[in-house]
Each structure stands twice: as structure tokens, then as C-alpha cells.
Amino acid sequence: MSRSKIIVLFAAATALSATFVAHDAAAQAAPPPPLAPLTIQGDAARGAVLSETCKGCHGVPGSHNAYPSYYVPKLGGQNLEYIEIALQGYRRGTRSHPTMQAQASSLADQDIADIATFFAAWAGEPETGKSAASALEIDEGKRKATACLQCHGEAGVAAAKQWPNLAGQHFSYLEQALGQYKNGQRVDVLMAQQVAALDDATIAALAAYFAAQPYLHQTAATK
């Protein structure tokens, strides 16, 4: 084999090796840093205008996500700081939902603060979530929810405002969200650790328990 052919083959092998190294490095890249609440003041009046599109789903009682099918989550009574974190997650792409990613992609930090302020201030009476769970399943969920309460609070009302209130959220949404944390469609280091060992039955039991606790309420399309 000529010297020139050896040089070409060596260069090709080096390039291929570099490709594999780069791919491996990307696969092992650390997850993005945790998101934090914004530190700017939100304007509820401006948020009401920006939220008109949001209310097309979140303001319709009984509204379903198309596929997979689950009830669209309630926002009334949800913590402002958590809504900010959630919208940042959709904007960054670490929360998987095409419609929400599209809605959040163009939002500036001020927009997110305004929308979160608007929905968090929505007044309403505490409600339970939509659920067909039995009393037995709810009791089972309560027994298994001990670790959850450290962040999400007694009966699902969060002790710290950057965590979501779970009480009164719809069963199917809670089940979907927990499943996404487990399979990586939602990227969150803490939640990934918490749900890693949960089987489907445990996830369903937890969703049943928190859905049965009255707190979050439905936002209406008009106020």
C-alpha cells in the first residue's frame, strides 16, 4: 500500500474516531441546570391579555389533550413561581408537549411572569380533580405519598412556592406528568430520582390520592 493511501486511511479513521467520541460525549452530557422562579414583577392585567390563547384549553372545563388523552391541568390556585418554572421548561424544551413548546417558545421572561401572575391570582373555590379512583386506591396513594409531601406539602398543597400544588389536580394529568418524569420527557433531576422506581400501579395510586384532595380550581374562559 502506498504511503499516500495509508495517510488517507489514517485520516479517515481519525475523523471517524472523533465522531464517535463527540457522540459519546453528547450522550453523557450533564442535564441542564434546574430552572428557577423569575425575579421580576408580573403584571396580572397584561397577563390576562397574553393568556387569551392559554384559556382556549385551560379555560374550558373538561378540556382534553388529544393524544395521549388526559384532562388539561387546572391553573387556578397554582403557585406563581411554579407556573414560571413550567413555562420556562416548555420554552427550553425540557418539557415535552408540542403545543406548549410552541406557545412558550416566543415568550420573554416578562411575558412568563405576567401570565403566571394572572393565573396564580385567579379566585375560586377548592375543588377535587376529575377521577374515577376508588376509596381503596386513594388510601393506597396516601400511604405511598410520604416522600411527595416533603416538597408538595400535606395533602398536596406545596410548602414552597416553586413546587406545584397537586391537591385537586386531575387524576389523568397527574398520572401523565409522573410518567413523563419517569421516562425523561420532563427533565428534572430531583423528580427523576423520586419516580425512577415507581411502577404504574404506584403512579396511579399517587394520582388518585392527590386528585381527591380539594384545592386547585378550574379557570373559566371569561372572568
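What is the volume of the largest cavity? The views below come from a predicted model.

**View 1. The largest cavity and its lining.** The volume of the largest cavity is about 40 Å³. A search of the whole structure turns up one cavity of 30 Å³ or more. Its lining includes Cys 57, His 58, Val 60, Gly 62 and Ser 63. Tyr 71, Val 72 and Pro 73 also line the cavity, as do Lys 130, His 170 and Gln 218. By class, five lining residues are nonpolar, five are polar and one is charged.

**View 2. The largest nonpolar core.** This core has 17 residues. Leu 174, Leu 178, Val 195, Leu 206 and Phe 210 have the most contacts inside the core. Helix 9 (171–183), helix 10 (189–195) and helix 11 (200–211) each give two or more residues. Helix 11 supplies the largest share, seven residues.

**View 3. The surroundings of Phe 210.** Residues up to four places away in sequence are not counted here. Phe 210 touches Ala 145, Cys 148, Leu 149, Ala 155 and Gly 156, among others. Leu 166, Ala 167, Gly 168, Gln 169 and Leu 174 are also in touch with Phe 210.

**View 4. Helix 4 and its cover.** Helix 4 (residues 80–92) has 13 residues. From first C-alpha to last, helix 4 reaches 18 Å, close to the 18 Å expected at 1.5 Å a residue. The buried residues of helix 4 include Tyr 82, Ile 83, Leu 87 and Tyr 90. Helix 5 (98–104) and helix 6 (109–120) are among the elements that cover the buried residues of helix 4. Gly 93 follows helix 4, with a positive phi near 95°.

Notes. Residues are numbered from 1 along each chain as its sequence is written. This is a predicted model: local features need pLDDT of at least 70, side-chain atom pairs count only at pLDDT 80 or more; totals for chains, interfaces and linings use all residues. Side-chain values use heavy atoms; hydrogens and water are left out. A nonpolar core is a set of buried Ala, Val, Leu, Ile, Met, Phe, Trp, Tyr and Cys residues joined through side-chain atoms within 4.5 Å. Buried means under 20% relative accessible area, exposed over 50%, partly exposed in between (1.4 Å probe, protein chains only). Helices (H or I, at least four residues) and strands (E, at least two) are DSSP runs, numbered from the N terminus. Contact means heavy atoms within 4.5 Å. On a 1 Å grid over the protein atoms alone, a cavity is a set of points where a 1.4 Å probe fits but cannot get out, and a pocket is an open set with protein on both sides within 12 Å along at least five of seven lines; lining residues have an atom within 4 Å of a point. Grid points are joined across faces, edges and corners, and a volume is the space filled by probe spheres set on the points. Ala, Val, Leu, Ile, Met, Phe, Trp, Tyr, Cys and Pro count as nonpolar, Asp, Glu, Lys and Arg as charged, and the others, Gly among them, as polar. The expected span of a helix is 1.5 Å times one less than its number of residues.
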